[in-house]
Amino acid sequence: MVELCPNCQKEVESGPYRICPSCNYYFPLTVQQRIALFADPGSFVEMATEMKSMNPISLAGYEDKLKENEKKSSLSDAVSIGSCSIENQPVIVGIMSFAFMGGSMGSVVGEKITQAMLEGALRGEPVILFTASGGARMQEGIFSLMQMAKTASAAALMEETRTPLFLVLTNPTTGGVTASFAMLGDVILAEPGAVIGFAGPRVIEGTIGQKLPEGFQRSEFQLKKGFIDALVERASLRSTLSFLIKTHTKGGAVYA
Amino acid sequence: MHEEQKPELEQTLDQIETLAKNHETREGASSWECVLRSRQQGRPGAKLFIDLICDSFMEMHGDRLYGDDPAMIGGVGLVEGRAITFIGNRKGANLKENVLCNYGMSNPEGYRKALRLAKQAEKFGRPIVCFIDTPGAYPGLGAEERGIGEAIAQNLKVFSTLKTPILCFIIGEGGSGGALGIGVGDKLYMLEHAVYSVITPEGFASILLRDPSKAKEAAEAMKMTSYHLKEFSVIHDIIAEGSAQETAMRIKQTILRDLDVLCSKPAEHLVRYRIKKIRGIGEVSGGKEWWQPLLEVFKKTQSLS
């Protein structure tokens, strides 16, 4: 399929990994495309499919906005969670979708991420979260802010139960998601070229009154600054995650 | 753009002066009035409250990693014979101090200093009192380079399971993640004219209403006052404001009353209750019961079972 690369503006074939052959831009993946990259075929079972957003601060227009996004994205909210296996090792996964209201974290996203993390802690299975988010969902006011505390406290419980938490940051991961569970993984991976940061680039430019340097807040920059463990290309996602699962069991990997 | 905003700014300054003269506004205060009051120059800040509440206080500096952030004050105080760790956002009491304190906007070092002092408090079984008063974490180049997101995230995580009582007071502006970074605790109070929100009304107006001049409407729509947050059960109670001295005494009474109760409980009960409270915040439809699974998770931990 030939499509326009939003980064280099060329007509390209993005191939099975959905990467621009001309500029290495990573096209956003649908949840199904993402799962197909790393999970054993047919192993994914979605959880919490009935959960939907409410309008906790009774904000005019929010319900319409939700309906519009459901229709546009064919998703019920900005994260899908479930169980699957990777090379026969059971895991819990959460995959965020920027396509639904910019991947913003409201009550549903916070609750589903928390549920995924605690389910992992209960089953003793690693949890892998793929982030893509502009930050907190302002339409839910203070309730969206509190989801940061909620997901972070779930990470604390994962720590207490010695459950592995792996993050894969994709483009973009900013705001309240960065300032909560996205930065709390035992291992934090990122896709090449992803924007990762707390404040958005325009806000920072407004503060300092100048343009940001080239590559600022990209995953390569965050790698250099020490905030992520490694970059992960889509072709090696499955093998990388499988290696992490093997090496993060209690007592480490045991090879026969 | 700055030219266009000037009349707005003058109007705002006028409003602040009117408000300063009008101390009796209570429940009647509109959301926007609260926003203005919470930001008012000369409003009592963390440093003043610490001085008024403590019999003696020693400030402690630095995050032991990079530097000391003047926008975050921390240290140990004695209150009627009880040792308490105090942590607070600091805006400064005058323009010179405002600049020194970066108007209360912390860099990562501020949050890491807070974390260091909080862990020190836990080690010595000292309760923690946090005073929140910030427009938000600093959105600057250095803050990003040194991981402001990571710093806040760590605080949220560690504070949620810290085995010592934590009392949080929003005394002015409770701005977003920067406020939450020292805002996870057992009890959360707000001064009556303080505000707490996910973004400033100005930001909300420009992003969601696509009109920066609608900050006043945004403030109403966001439901960010102490009365709204009490209704949402996000905060435990509202503390009435009087003179700085009167307000400080009310805060002090609240601290001593709560610590009498909280310090007598086993630390793991405290943490379980704290997590339960956090776990329950949010409104969804079609969710499942979460209390039983949470109890099961507690059982799987060493320290909370």
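## Inside chain A

Let's start with one pair of residues: Gly94(A) has Leu129(A) as its bridge partner in β7(A). Before going further, note that this is a predicted model, where local features need pLDDT of at least 70, side-chain atom pairs count only at pLDDT 80 or more, and totals for chains, interfaces and linings use all residues. Residues are numbered from 1 along each chain as its sequence is written, while chains are lettered from A and ligands numbered from 1 in the order in which they are written.

What does that pair belong to? Strand β6 (residues 89-96) of chain A and β7(A) run parallel and are joined by four bridges. Strands here are DSSP runs (E, at least two residues), just as helices are (H or I, at least four), and both are numbered from the N terminus. Two strands pair if DSSP finds at least two bridges between them. Strands of a sheet pair through backbone hydrogen bonds, either parallel or antiparallel.

β6 and β7 sit in an open sheet of seven strands in chain A, with the order β3-β5-β6-β7-β8-β9-β10 and mixed pairing. β3 (45-47) and β10 (230-231) of chain A are the edge strands, each pairing on one side only. At the β10 end, strand β9 (residues 187-190) of chain A runs parallel to β10(A), with two bridges between them. There, Ala190(A) stands opposite Leu231(A).

Is β7(A) mostly covered or mostly open? Strand β7 (residues 127-133) of chain A is mostly covered, with seven of its seven residues buried. Buried means that 20 or more other C-beta atoms lie within 10 Å of a residue's own; 12 or fewer makes it exposed, anything in between is partly exposed, and the C-beta atoms are placed from the backbone. In a regular strand the side chains alternate between the two faces of the sheet. In β7(A), Val127(A), Leu129(A), Thr131(A) and Ser133(A) are on one side, Ile128(A), Phe130(A) and Ala132(A) are on the other, and all are buried.

## The two chains in numbers

| Item | Chain A | Chain B |
|---|---|---|
| Helices and strands | eight helices, ten strands | 14 helices, nine strands |
| C-alpha box along the principal axes | about 55 × 45 × 40 Å | roughly 60 × 50 × 45 Å |
| Buried residues | 53% of 256 residues | 51% of 305 residues |

For chain A, a compact globule of 256 residues would have a radius near 18 Å, and the chain has 18 Å, which agrees.

## Where the chains meet

How many residues of chain B are in contact with chain A? There are 52 of them, in contact with 51 residues of chain A; a contact means that the C-beta atoms, placed from the backbone, lie within 7 Å. Helix α7 (residues 148-160) of chain B gives the largest share of chain B's side, eight residues.

Have a look at that helix. Twelve of the 13 residues of α7(B) are buried, so the helix is largely enclosed by the rest of the structure. Among the buried ones are Ile148(B), Ala151(B), Leu156(B) and Phe159(B).

Strand β4 (residues 52-53) of chain A pairs with strand β9 (residues 284-285) of chain B in the antiparallel sense, over two bridges. Ser53(A) stands opposite Val284(B) there.

Chain B is assigned domain 1 (22-264) and domain 2 (267-305), with bounds from an automatic or database domain assignment. The C-alpha centres of these two domains of chain B lie 25 Å apart. Eight residues of domain 1 of chain B are in contact with seven of domain 2 of chain B.

Finally, find Ser303(B), in the segment after α14 (291-300) of chain B. Why does Ser303(B) count as exposed? Because it has 11 C-beta neighbours inside 10 Å. Not counting residues up to four places away in sequence, Ser303(B) touches Glu160(A) and Glu268(B).

Definitions and conventions
Contact = placed C-beta atoms within 7 Å. Rg over C-alpha atoms; globule rule 2.2 N^0.38 Å.
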